[in-house]
Amino acid sequence: MRVISDNTFQLGLFAPNVWGGLTKTTAEQRWQATWDNNAAIGKLADEAGLEFILPLAQWSQLKGASDTDGHTFEALSWAAGMLAETERITVFATVHTPFLHPLFAARQAVTCDHIGKGRFGLNIVSGSAGPDFGMFGTPMRDHDERYAYTEEWTTLVKRLWQEPEPFDFHGRFFDLEGVFALPGPYGGDRPTLISAGSSPAGRGFAARHADCLFMIIISPEGLAGQIAAIRADAARNVPVYASGHVICRKTRQETEEYYHYIVKEKGDWEAAEEVRRSIFGKGQKSLPPELADRMLERMVSGGGTFPVKGDPDDVAQTFKRLSDAGLTGMAVALVNYLDDFPILRDEVLPRMERLGLRRPAIGAGHAR
């Protein structure tokens, strides 16, 4: 597999392609996901030495007062543009397997991979939102059947990347003749594959096919044991990442005041409630239902991802605790990526370097 980085704790940006990012708020500070803003934050993350950028793939529009989720750039074409705008950072695309034929996906991925000279990766998801399936007119299979479909889809994509000669494929879901996809991936190595499946079926798929796994952190307590179990299931020392959101100001008081304004005063609770219903909806097997009430505020502040909140010392120390538990890194969302990135770059990253979590970025264009 391609190595993204040898930093002890790796960082990426999550969901800048979505209007509002992951934060459900009506505040004026919310993220404006224009292309110019995406290109700008991609360049800043690249210069600062972050490892990756991971987009969200969402098709249906949430209810609520703020434009969110459905107002988004499509992930594969977005990734091609981001790769063209950057030099070193890995750029992922998120693909719903039920909505894209594997032959088309294999060729699109290779195009992105050549644009980025081997910096492209693919986040493979099976889909969980009923309205998305309705928009495509595609039947929504039972949970485990969705993963069976995704496994066959992924097997096909891997073969298309690896085999230069045309081949026939006869499976449960695909019956194809004479398929091939040239050119192959850049440099001969296939793109990095990631998966966030957390149900038994999802973790089984990820163990067999993914190079990196993403998990949901409910609480830091017991995290080391959860990570060890994931690696035991995979039967290898697989990199394990989590998704989170950072809310950071120079002092704890400033952070709490900002959080209160964004979440308590201006939070779009209707949109957050719909996200919660989707995640904890009927048929999901990833999270226990009793967590639903505890997660609502987290849905507002960062789409249900793990909150990393406080002054720069607090944020760096949180990353240190997560690293000590065995986590490889985190994809983080920001309330406003351009406004909030400087404190992450100028204050948090140097502290992480002093804690031994990261090396200074080569050629980083900022005052460190």
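Okay, hi everyone. Before the tour, some ground rules. What you see is a predicted model, where local features need a pLDDT of at least 70 and side-chain atom pairs count only at pLDDT 80 or more, while totals for chains, interfaces and linings use all residues. Residues are numbered from 1 along each chain as its sequence is written, and side-chain values use heavy atoms, with hydrogens and water left out.

Let's start with the whole chain. Its secondary structure comes to 12 helices and 11 strands. Along the principal axes, the C-alpha trace spans about 65 × 45 × 40 Å.

How much of the chain is buried? Of the 368 residues, 55% count as buried. Buried means under 20% relative accessible area, exposed means over 50%, and partly exposed is in between, with a 1.4 Å probe and protein chains only. The chain exposes about 15400 Å², and carbon and sulfur atoms supply 52% of that. Those areas come from the Shrake-Rupley method with a 1.4 Å probe; for residues, only the protein chains shown count as cover.

Now, contacts, which means heavy atoms within 4.5 Å. Take the contacts with a separation of 6 or more: residues 24 or more positions apart account for 74% of them.

We work on a 1 Å grid over the protein atoms alone: a cavity is a set of points where a 1.4 Å probe fits but cannot get out, a pocket is an open set with protein on both sides within 12 Å along at least five of seven lines, and lining residues have an atom within 4 Å of a point. Grid points are joined across faces, edges and corners, and a volume is the space filled by probe spheres set on the points.

The largest cavity holds about 60 Å³. Two elements give two or more residues each to its lining, namely β9 (240–248) and α12 (337–354). The largest share, four residues, comes from α12. Among the lining residues are Val246, Ile247, Tyr258, Leu334 and Asp340. By class, that lining has eight nonpolar, no polar and two charged residues. For the classes, Ala, Val, Leu, Ile, Met, Phe, Trp, Tyr, Cys and Pro are nonpolar, Asp, Glu, Lys and Arg are charged, and the others, Gly among them, are polar.

The second largest cavity has about 30 Å³ of space. Pro98, Phe133, Pro139, Arg141, Arg146 and Tyr149 line it, which divides into four nonpolar, no polar and two charged.

Out of 19 lining residues, Ser5, Gly49, Leu50, Glu51 and Arg88 are the closest to its centre. That lining has seven nonpolar, four polar and eight charged residues.

Ser243 sits in strand β9 and is buried at 15% relative accessible area. Leaving out residues up to four places away in sequence, Ser243 touches several others, including Phe14, Phe214, Thr305 and Met330.

Then the backbone. Which bond is cis at Leu182 and Pro183? The peptide bond that joins them, with omega about 5°. Pro183 is in the loop between β6 (175–179) and β7 (192–195).

Ala15 has a positive phi of about 70° although it is not a glycine. You'll find Ala15 in the loop between β1 (10–14) and α1 (35–48). Lys117, too, has a positive phi, near 55°, without being a glycine; look in the loop between α3 (102–115) and β4 (120–125). Are these two buried or exposed? Ala15 is buried, with a relative accessible area of 0%, whereas Lys117 is exposed, at 56%.

Finally, Gly267 lies in the loop between α8 (252–265) and α9 (269–279) and is buried, at 16%. That's my tour, thanks!
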